[in-house]
Amino acid sequence: MATAGSKNRPLSPHLQIWRWGPHMFVSIMHRVSGQGLVVGLALLLWWLGALASGPAAYAQLVTCMTSVPGYVVLVGISWCFFNHMMSGLRHFVLDIGAGFELKGNRTWSILTSVLGVVLTIAFWAILLLR
Amino acid sequence: MGNGTSIGRVRGLGSAKHGAHHWLLQRFTAVGNLFLLIWLAVSILLLEDLSFISVTGWLSHPVPAVLMALLIVSTFWHARLGVQVMMEDYVHDHGSKFACLVALNFVAFAGAAFGVLCVLRLALGA
């Protein structure tokens with residue numbers, strides 16, 4: 001398909017050209033957390049598969065996931081979820097054409113990142129302290 | 001209409017009229033994911049504990065089973081669309097990109113089928 005003339009074409013300015021702002025961080029983290037959630041889906045399948053297989057398979061999953069690396073993975077996935085949810089909600093606002101004013105965009109970019117972390121901490125606090 | 005560059009070959013042909021399809025599906029499934037995953041997070045917090053007995057007991061009820069099956073379809077669909085964008089952005093070779101997208105479709109459909117089967121098994125007590 002696109003072969004003729006597609007090599008050595010000028011590229012648009014990339015990341016290193018621009019002065020960094022929170023909106024860039026949110027955008028990149030949306031992609032990163034979205035890819036992280038692929039691991040989350042794999043874990044969801046493991047969870048459902050173990051439940052459908054029986055107590056022995058479930059015990060194996062519990063042993064893996066209550067180890068230190070297991071908790072790192074679980075906390076990572078929960079952060080991916082809450083971060084992706086908050087930046088996804090930001091995308092819904094941007095999709096209707098709102099939130100592009102410089103100041104508001106900056107504020108909400110910072111807030112979505114912070115809220116993602118806060119919700120992750122709140123989730124684990126409720127889960128472990130109840 | 002030129003025949004030199006890739007843009008030259010399509011210039012003047014107009015749009016294909018379904019450019020927004022992928023974008024819209026990504027949003028539809030995102031709304032589904034929002035509700036279904038909040039339900040899952042709250043359900044996990046409301047369960048007595050996460051032991052085998054508690055979780056299988058919970059998923060054997062019709063409403064949680066249906067919502068979990070819907071969650072699997074919605075999240076795998078959304079993930080399939082999202083990972084497709086990653087591949088289109090970062091895999092530059094056309095052959096590799098095609099192979100990646102084929103593999104993605106296999107994994108997405110197989111994963112969703114496995115998840116739904118597990119839920120059915122739990123719900124119908126096989």
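In the predicted model, helix α4 of chain A covers residues 102-129, and its 28 residues reach 40 Å from the first C-alpha to the last, close to the 40 Å expected at 1.5 Å a residue. Four residues of α4(A), A:Trp108, A:Ser109, A:Thr112 and A:Gly116, are buried. An α-helix has 3.6 residues a turn, so residues three or four places apart point the same way.

Two stretches of chain A, residues 68-86 and 107-129, carry the feature "transmembrane region" in an unreviewed UniProt entry. In the model, residues 68-86 of chain A are 100% helix and 0% strand, with the end C-alpha atoms 27 Å apart. Residues 107-129 of chain A are likewise 100% helix and 0% strand, and here the end C-alpha atoms are separated by 32 Å.

Chain A as a whole contains 4 helices and 0 strands, in the order α-α-α-α along the sequence. The radius of gyration of chain A is 20 Å, well over the 14 Å that the globule rule gives for 130 residues, so the chain is more spread out than a compact globule. Along the principal axes, the C-alpha atoms of chain A fill a box of roughly 60 × 45 × 30 Å. Buried residues account for 24% of the 130 residues of chain A. Of the contacts in chain A with a separation of 6 or more, 77% are between residues 24 or more positions apart.

Chain B consists of 5 helices and 0 strands, and its elements run α-α-α-α-α from the N terminus on. The radius of gyration of chain B is 20 Å, whereas a compact globule of 126 residues would have a value near 14 Å. The box filled by the C-alpha atoms of chain B, taken along the principal axes, is roughly 65 × 25 × 20 Å. Of the 126 residues in chain B, 18% are buried. Among contacts in chain B between residues at least 6 apart in sequence, those joining residues at least 24 apart make up 65%.

Within chain B, B:Gln26 is located in helix α2. This residue, B:Gln26, has 18 C-beta neighbours inside 10 Å and therefore counts as partly exposed, the threshold for a buried residue being 20 or more. Apart from neighbours within four places in sequence, B:Gln26 is in contact with B:His78 and B:Leu81. The C-alpha atoms of B:Gln26 and B:Ala65 are 24 Å apart in space, and the two residues are 39 residues apart in sequence.

Between the chains, 27 residues of chain B are in contact with 25 residues of chain A. On the side of chain B that touches chain A, the elements giving two or more residues are α2 (21-46), α3 (52-59), α4 (62-90) and α5 (94-124) of chain B. The largest share of this side, 8 residues, comes from α5(B). By class, the side of chain B that touches chain A comprises 16 nonpolar, 9 polar and 2 charged residues.

As for confidence, the model scores ipTM 0.88 and pTM 0.89. The mean pLDDT of chain B is 93, and 97% of the residues of chain B reach 70 or more. Where pLDDT is low, the predicted coordinates should not be read in detail.

Definitions and conventions: Residues are numbered from 1 along each chain as its sequence is written. Chains are lettered from A and ligands numbered from 1 in the order in which they are written. This is a predicted model: local features need pLDDT of at least 70, side-chain atom pairs count only at pLDDT 80 or more; totals for chains, interfaces and linings use all residues. The expected span of a helix is 1.5 Å times one less than its number of residues. A residue is buried if 20 or more other C-beta atoms lie within 10 Å of its own, exposed if 12 or fewer, and partly exposed in between; C-beta atoms are placed from the backbone. The radius of gyration is taken over C-alpha atoms; the globule rule is 2.2 Å times the number of residues to the power 0.38. Two residues are in contact if their C-beta atoms, placed from the backbone, lie within 7 Å. Ala, Val, Leu, Ile, Met, Phe, Trp, Tyr, Cys and Pro count as nonpolar, Asp, Glu, Lys and Arg as charged, and the others, Gly among them, as polar. pLDDT is the predictor's confidence in each residue, from 0 to 100. UniProt positions are given in the numbering used here, feature names are shortened, and annotations may be inferred rather than shown by experiment.
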